[in-house]
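Welcome! Please take a moment to look over the structure shown here before reading on.

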Amino acid sequence: MRTAEHCASIVDHLDEDGQGAAKPVHGRAIPFWANPRFGLVVVIAVLIVVFSALRSAFLNVDLSLVPMQADLSVFVVVGLAQMAVLSLGHMNLAVPRMAAISAFAMGWSYQHLSVPLWLGLVIGLAVGALVGALAGWIITATGVNSFVVTLALDFALVGVVSLLYSQVGDGVAFSVHPAGMQTLRNGTFADYCAGSVCGPPVPVVVPIALGAAVLVGLLFFSVRAGREMLMTGSNANAAQLSGIATTRRIVQAHALSGMLAALAGFILAVNNGSFSADIGKSFLLPSFLGPVLGGTALAGGAVSVVGTILGATLTEVIQAGLNLLQFSIQQLNIYIGGVLLVALSADRARQLLAERRAQRS
Amino acid sequence: MSATIKDTYARRVRTFARGSESVLITTSVIGFVVLASTTHGNLLTRGTLTAIFQFLAVPVIVGLAQMVVLGVGQMNLSVGVLTGFCSMVAAWLMIRLGVPAWLAVVGAVGVGAMAGLINGVIVVLTRINGFIVTLATMTIIDGLRYGINGTSTFQGYSPSLVRFGKGSSLGVPNVFLVAMAVAALVAVFFRRTVAGRRLLASGGNPLAARLSGVSNDRSIVIAHMISGLLAGVAGVLEVALSGSVNATIGDDLLLPSFAAPIIGGVALAGGVISVLGTCLAAFIMRMVDVARAQYSIDPSWVDVIIGVVVLGAVLLTQLRHRGGGPR
């Protein structure tokens, strides 16, 4: 992880305009306060204290904490979906529509094939992975920028999804509720008791998101495929020359992105209580917020699962807090955008400071 | 030495742009003729023609706003919401402050340029990727856009401005004439002015540009500022054209703003622009929309078709690149 991250920080400094003088920090590790994750934890803690001081309802278990965790599960998985391709230095602008089309596939199979909950999920994940792989395949086969390919794919899928809903589906949503969906939606572990000891007030969907995060973390940390994706993102030529099948890794990373988008769509549909056409519509901004706030560079070669979770948490805390203070959703946007800018600028300042200090010593 | 490099570079750009533009012209003409003949001349009635060109103005300007930043290898995700924001500012100035129409227009365009300038300065100062910076400012401007008047509509502002917006001169809609004039100015800027050439130099090869004494930072700031200014112009055109505006304006402009330059042969990597290509691509997308209306097809097909066209156009460019020897 460290080496890939280190390389990425060098790449980051060279970045697109080639202006930044590349001065990698040698020898000394970056001090802990220069780590973006540390800053995030501090900001999240401060915000939680501020919000709960202003409105004690912020810490209300049933009305605030449980729904927050359910929302957070969606944001984390959405962030991971974007992170999967950021590892390559690619982007996936079609995350929202990959989620939408997978949600359609899931809703359709529940409605018309009456499949059990888990099988529908598997079908949805497969559809997401296929669409993602298609994006990856187009990118590798044509050499066209991932931004353009996923932009075009997003355009096409917007149309396809609404066509599917209007012609094959039932208008804008499926009315079906497969067995177990209600439990996933409303259930928390507090409902499960062994004697007098009950579980924590954590929604049942949270472990799904956490499980996905752990698996993605393991993939990038210790599985060959994941390491090779990072190498490809770090320097595609060098990776190719070292015998890595970069083409295959690119397709796989995009397939993973599509699959995670599908999972996010599933969790959102479960939270909302229906598989509808507007699943995924609001996914684009959150998909970048999580990883970018968490320190994943757009240049590729470095990812941070913990950072993505923290970034998503920060977004969720701000949203929930401002919501409670009765800010409208539009005012909320002003603050979220502001936080993104401030957090990233502070990050850059910290990084520069740390480097300067490391050079002096 | 540097002159020859510049010459070959310029020639390559020119031939490349010409090739891609000729394909676009052919496509537009064929599309228009086919559409006109299959709808039994319905397309050629005065009302339809006016509508086609009236509603082409804003997409053209927004496409150019994106093209300018693509020229320096940047992106501007805030183009769409900024257009809506400037519309709201212009209407707000006229209705709430009673500002005369011409001053409101200047004010709204100024606000657009200011927002663009801020984008550019943030990109240069923080060295954060332009995509992320404008993603953040897009979110902020989206909030501001609703902050002006909530979800309610502004209407009943300056009748003379609306009369201008809905009117035609010599049979051509006024807003379309304005759009063409702006496009011409943008083309002159990139072709004739030093600042415009420097912008392209920075986009094409930042290192070489820097070694030849071009400030890449300045190019980036200028490009973002022009992009914001053009978004302001688009916002004002929207105000003049529609007669009533609300905060949803601009919601559906972001994706087309990328589609027009990309179909038009503008490279995402920077250094290559095509004003004519961008305008033609906007026209082709407009034709797809018109065809949908004429044949009463499900609107969803428009998105599918545009997605395919974007990809197809890029592929075509790529193939020509490969066929045309070393890149």
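What follows is a short tour of a helix pair and a cavity.

Keep in mind that this is a predicted model.

**Where two helices cross**

Start with helix α9 of chain A, residues 224–234, and helix α11 of chain A, residues 246–272. Their axes come within 9 Å and cross at roughly 105°. Angles of 65 to 115 degrees count as roughly perpendicular, and α9(A) and α11(A) are therefore roughly perpendicular to each other.

To find the contact in your viewer, look on α9(A) for A:A225, A:E228, A:M229 and A:T232. On the α11(A) side, they meet A:T246, A:R249, A:I250, A:Q252 and A:A253. Sorted by class, this contact of α9(A) with α11(A) has four nonpolar, three polar and two charged residues.

**A cavity and its lining**

How many cavities of 30 Å³ or more are there? The count comes to two. Let us visit the second largest cavity, which holds about 30 Å³ of space. The residues that line this cavity are A:F75, A:P286, A:L289, A:G290, A:A312 and A:T315. Two elements of chain A, α12 (284–293) and α13 (305–324), each give two or more residues to that lining. The largest share comes from α12(A), with three residues.

Here are the residue classes of the two places side by side:

Definitions and conventions:
Residues are numbered from 1 along each chain as its sequence is written. Chains are lettered from A and ligands numbered from 1 in the order in which they are written. This is a predicted model: local features need pLDDT of at least 70, side-chain atom pairs count only at pLDDT 80 or more; totals for chains, interfaces and linings use all residues. Side-chain values use heavy atoms; hydrogens and water are left out. Axes are lines fitted to C-alpha atoms, for helices over the stretch in contact, and angles run from 0 to 180 degrees between N-to-C directions. Helices (H or I, at least four residues) and strands (E, at least two) are DSSP runs, numbered from the N terminus. Angles under 35 degrees count as roughly parallel, over 145 as roughly antiparallel, 65 to 115 as roughly perpendicular and the rest as oblique. Contact means heavy atoms within 4.5 Å. Ala, Val, Leu, Ile, Met, Phe, Trp, Tyr, Cys and Pro count as nonpolar, Asp, Glu, Lys and Arg as charged, and the others, Gly among them, as polar. On a 1 Å grid over the protein atoms alone, a cavity is a set of points where a 1.4 Å probe fits but cannot get out, and a pocket is an open set with protein on both sides within 12 Å along at least five of seven lines; lining residues have an atom within 4 Å of a point. Grid points are joined across faces, edges and corners, and a volume is the space filled by probe spheres set on the points.
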